[in-house]
Amino acid sequence: MTEHYLVLAAILFAIGGLGVLIRRNVIVILMSVELMLNAVNVTFVALARQHGSMDGQVIVFFVLTVAAAEVAVGLAIILMNFAQRKTINADEIRLLRG
Amino acid sequence: MIEIPFGAAEAWAIAPFTVIALFAMGILLYETFRTDDHGPELTFWFSILGLAGAAIASLLAWDNGSVAFGGTFATDGVAVFTNLICILAAGLSLMMGVHYMELIRVRAREFQPLVLFAVSGMFIMGGARDLIVLFLGIEVMSIPAYVLAGIHRQDHASGEAALKYFLLGAFATSFLLYGIALVYGATGTTTYAGISMALSTAPHLALLGGIALLIVALGFKVGVVPFHFWAPDVYQGAPTAVTALMAVGIKAAAVVGTARLFLSGFAGMHVEWSIVLWWISVATMTLGNVVAIVQSNVKRMLAYSSVAHAGYLIAAIASGTPRGGGAILFYLLAYAFMNLGAFAVVIAVGAKDEPNEKMSDFAGLATRRPLLSGAMALFLLSLMGIPPLVGFVGKLYIIEALIAAGQVGLGVIVILNSVVSGYYYLRVIIEMFMKDATREIPALDPRPYLMVCVAIALAGTIFFGIFPDLALEAARDSFAALR
C-alpha cells in the first residue's frame with residue numbers, strides 16, 4: 001500500500017518541479033515550490049507508517065514550520081520587487097546577465 | 001523514537017549559537033526602541049562582542065569524543081574549526097558593512113542582527129550529524145541570507161538578487177528534503193551513524209536516488225556546476241558586504257556540511273558518489289575559471305572565481321579521505337582571508353553613488369592608492385596560488401590529499417586550472433599597476449574600519465602562508481577524529 005502514496009508523492013513533486021521550470025509568474029513559482037514540499041511531506045508520512053516509527057511524522061512538522069518562515073520572507077521579497085518594477089514576471093526581472 | 005537527553009554535552013553544543021542568537025535579538029530590540037538617528041558603530045561593536053563570545057563558547061565546547069542530542073550534533077574539531085571560519089567571515093563582513101551601508105545610503109538597522117542569525121545557522125551546519133539537523137542549519141542560514149541579499153531596497157539589482165536567491169534556494173530545499181525522505185525510506189533513520197550502519201542492507205536504488213538528490217541540493221547551496229547559475233547574479237547584485245559573507249561564510253558552512261555527510265554518513269558508498277563529485281568538481285573549476293576570464297566587472301569576476309574555488313573544495317571531498325577533509329578546512333581558512341580581503345578592496349575603491357566595480361575603474365589605482373593596490377595584488381596572487389601566500393599552501397594540501405588518495409588526474413586538473421585562473425587575476429593587477437587612470441576619480445574619505453578589515457585579511461593571508469603548521473595540524477586532526 002505504501003507504494004501508492006510514494007507514487008502519488010512523486011507525481012506531485014514532478015508537477016511542482018515542472019511548475020517552477022515553466023511558469024513565469026513568481027507567485028505561481030512559489031506555489032509550485034510549496035507543492036513540492038507537500039509532496040515530500042506525504043512521502044515522509046507514508047515512510048514513517050511503513051517503518052512503524054514516528055520520526056517521519058515529526059520531520060513533517062519541521063518542514064511545515066520552515067516552509068512557513070520561508071514563505072513569509074519570500075512574499076516580502078516578491079513585494080519588494082513588485083514595488084521596484086511593477087511586475088512579478090520572472091522574464092521581465094533580468095538586469096544581471098553575462 | 002530515541003530518547004533525547006539534556007545534559008552537559010547538550011548545553012555546550014547549543015552554547016555558541018545561543019550566545020549569538022541572544023546578541024542578535026538584543027541588537028534587534030535595541031534598534032527597535034532607539035528612535036534617534038545614530039551611526040552603526042555601537043551595535044557593530046556589540047555584534048563583535050557576540051561573535052567573540054561565540055568563538056570562546058565554541059572553543060570551550062570543543063570535545064572530539066562526545067556527541068550531543070542522541071548523536072545528532074557534534075562539537076568536534078570540524079565543528080569548532082568551521083565555527084571559527086564563519087565567525088571570521090561574519091566579523092569582517094560586518095566591519096566592511098559599517099562604511100559600506102553609508103556608502104550605498106542604506107539605513108538598515110537589521111543588517112547586523114541578520115548577519116548574526118545567519119551565522120547561528122552556519123554553526124548548526126558545521127556540527128550536524130543528522131540530515132534533519134543539516135536541513136534546519138541550511139534554512140536558519142539561508143533565510144536571513146535571502147533578506148540580506150535584498151537589503152539595498154532602492155536598488156533593482158539587489159531586489160533581483162534576493163528574488164533569484166530565494167526562489168532557487170527554496171527550489172533546492174525541496175530537493176534536499178526529497179533526498180532526505182528517500183534516504184530515510186531506505187535506511188529507516190536520518191542520523192549519519194545510523195545511515196552508515198544501514199548502508200549495506202538498504203535498498204540500493206532508493207539510496208542512490210536519495211544521494212543524487214542530496215548532491216543536487218547541496219550543490220545549489222555551494223554553487224557548483226551545473227547548479228551554479230544563480231551565484232554570479234546573486235553575488236553581483238547583492239550589496240558587496242553581503243556578497244563577502246555569502247561567498248565565504250555560507251560557502252564554508254555548506255562545504256563542511258557536505259563533507260561531513262559524505263565522509264561520515266555515506267563513507268561506505270565512496271565508490272558510487274566519488275565519481276559523480278569528480279565530474280562536478282572538474283566541470284565547476286573549469287567553467288568558473290574560463291567564464292571569469294571574459295568578465296569586465298570585478299565583483300562578477302570574483303563571483304566566478306568563487307565558483308572555481310568551490311570546484312577545488314569539491315575535489316578534496318571527492319578524495320574521500322580524512323586527509324582531504326583536513327585540506328578542505330585549511331583551504332576554507334585560506335579562502336576566507338584572501339577572498340574577504342579582495343571584497344573589502346572592491347568596497348574601498350567605490351565612492352558614494354559610484355560603485356566603481358568595473359575593471360577599468362581599477363586602472364591606475366596604484367598611483368592613487370599604492371597600499372590598497374598592493375594589498376589587492378597580494379589577495380589576487382594568493383587566490384591564484386602563488387607562494388608564500390596562504391592560497392598556495394591551501395592548494396598544495398588539496399593536491400597532496402588527492403595524490404595520497406590516488407586521484408592524480410584530479411590533482412593535475414587543479415594545477416592546470418590554477419594556471420588558467422592566473423589570466424584574470426593578473427589582469428586586475430596589470431590594470432592597477434601598469435595602466436593610467438581613464439577618468440578623474442575624486443579622493444575618498446578615510447574609512448578606518450575598512451582599512452582595518454583589509455589589514456586583518458592581509459595579515460592572515462601572509463601569516464598562514466608562512467606559518468601554516470598550527471592551523472593545518474588542527475584541520476587535519478579534526479577530520480581524522482571525525483566519526
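**Close-up 1. Helix α3 of chain B (residues 77-103) in the predicted model.** At 1.5 Å a residue, the 27 residues of this helix should span 39 Å, and the end C-alpha atoms agree, lying 39 Å apart. The expected span is 1.5 Å times one less than the number of residues; helices are DSSP runs (H or I, at least four residues), numbered from the N terminus. A kink of about 40° in α3(B) is centred on B:Gly97, the bend being the angle between axes fitted to the seven residues ending at a residue and the seven starting there. Because 25 of its 27 residues are buried, α3(B) is largely enclosed by the rest of the structure. B:Arg105, with a positive phi near 55°, follows α3(B).

Close-up 2. A:Phe82 is partly exposed, at a relative accessible area of 38% (buried is under 20%, exposed over 50%, partly exposed in between; 1.4 Å probe, protein chains only). Neighbours within four places in sequence aside, A:Phe82 is in contact with A:Thr87 and A:Ile88 (heavy atoms within 4.5 Å).

**Close-up 3. The cysteines B:Cys86 and B:Cys453.** The sulfur of B:Cys86 has its closest cysteine sulfur in B:Cys453, 16 Å away and therefore too far for a bond; a disulfide requires a pair of cysteine sulfur atoms within 2.5 Å. B:Cys86 is buried, with a relative accessible area of 0%, and B:Cys453 is likewise buried at 0%. Over all chains, the count is 0 disulfides.

**Notes.** Residues are numbered from 1 along each chain as its sequence is written, and chains are lettered from A and ligands numbered from 1 in the order in which they are written. In this predicted model, local features need pLDDT of at least 70, side-chain atom pairs count only at pLDDT 80 or more, and totals for chains, interfaces and linings use all residues, while side-chain values use heavy atoms, with hydrogens and water left out.

Methods. Helices (H or I, at least four residues) and strands (E, at least two) are DSSP runs, numbered from the N terminus.
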